Amino acid sequence: MPYTLDSGGPFPDRDTIVFVTAGVVVTTLVVQALVLPPVARWARLPRDTDADRELALARTAASEAALGALFTVAAGLGTDPEVTERLRTEYETHLNTLRAAATADAPDAGVLVRHHKQDTALRLALLEHKRSAVISLRDARRIDDAVLQQVQAQLDVEEVRLAPVADRE
């Protein structure tokens, strides 16, 4: 809004126009912010499951690819057969759990999914004990702060990896 007209005189009612415009903007934002959440709840829109489905597809495809390449990669790296077999078993269990979660009507689906949830919960709970042990070592001056930070960073990565996707959002 200009302060003056072309003739040099003051713009008539400029302050009123600016005040009313600011009031309309603020009122519009406040009203929408207060009304939108109840309207969204009232609408009872269905949950978008596309992202969950795509995430399950991506995890399954990644695990299948890793399992398919396991023996070739292990041979190329000269990995001991015991290590390869342990990793194969782990990948197959993980893949079976992913498939069971996707098809809840499979016979062992409930058991596999329950075991996976229990395994994850146990691993997450044990992380706290790992953290306490490392902090105790630092407090007793058996390890340096830099070592503590390095181990804590590794534990943080493990915690993020184990935490359910919903917890991360």
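The protein averages 88, and 93% of the residues score at least 70. Where pLDDT is low, the predicted coordinates should not be read in detail.

Some ground rules follow. Residues are numbered from 1 along each chain as its sequence is written, and side-chain values use heavy atoms, without hydrogens and water. Local features need pLDDT of at least 70, side-chain atom pairs count only at pLDDT 80 or more, and totals for chains, interfaces and linings use all residues.

Now turn to α5. Helices are DSSP runs of H or I, at least four residues, numbered from the N terminus. Helix α5 covers residues 145–162, 18 residues in total. From first C-alpha to last it reaches 25 Å, close to the 26 Å expected at 1.5 Å a residue. That expected span is 1.5 Å times one less than the number of residues.

Leu148, Leu155, Glu158 and Leu162 of α5 are buried. They cover an arc of only 90° around the axis, which puts them on the same side of α5. The arc is that of the directions from the helix axis to the C-beta atoms. Buried means under 20% relative accessible area, exposed over 50%, partly exposed in between (1.4 Å probe, protein chains only). The face turned away from the buried side carries exposed Gln149, Val157 and Arg161.

Elsewhere, Glu92 lies in helix α3 (residues 81–102). Glu92 counts as partly exposed, at 32% relative accessibility.

Key: Helices (H or I, at least four residues) and strands (E, at least two) are DSSP runs, numbered from the N terminus. pLDDT is the predictor's confidence in each residue, from 0 to 100.
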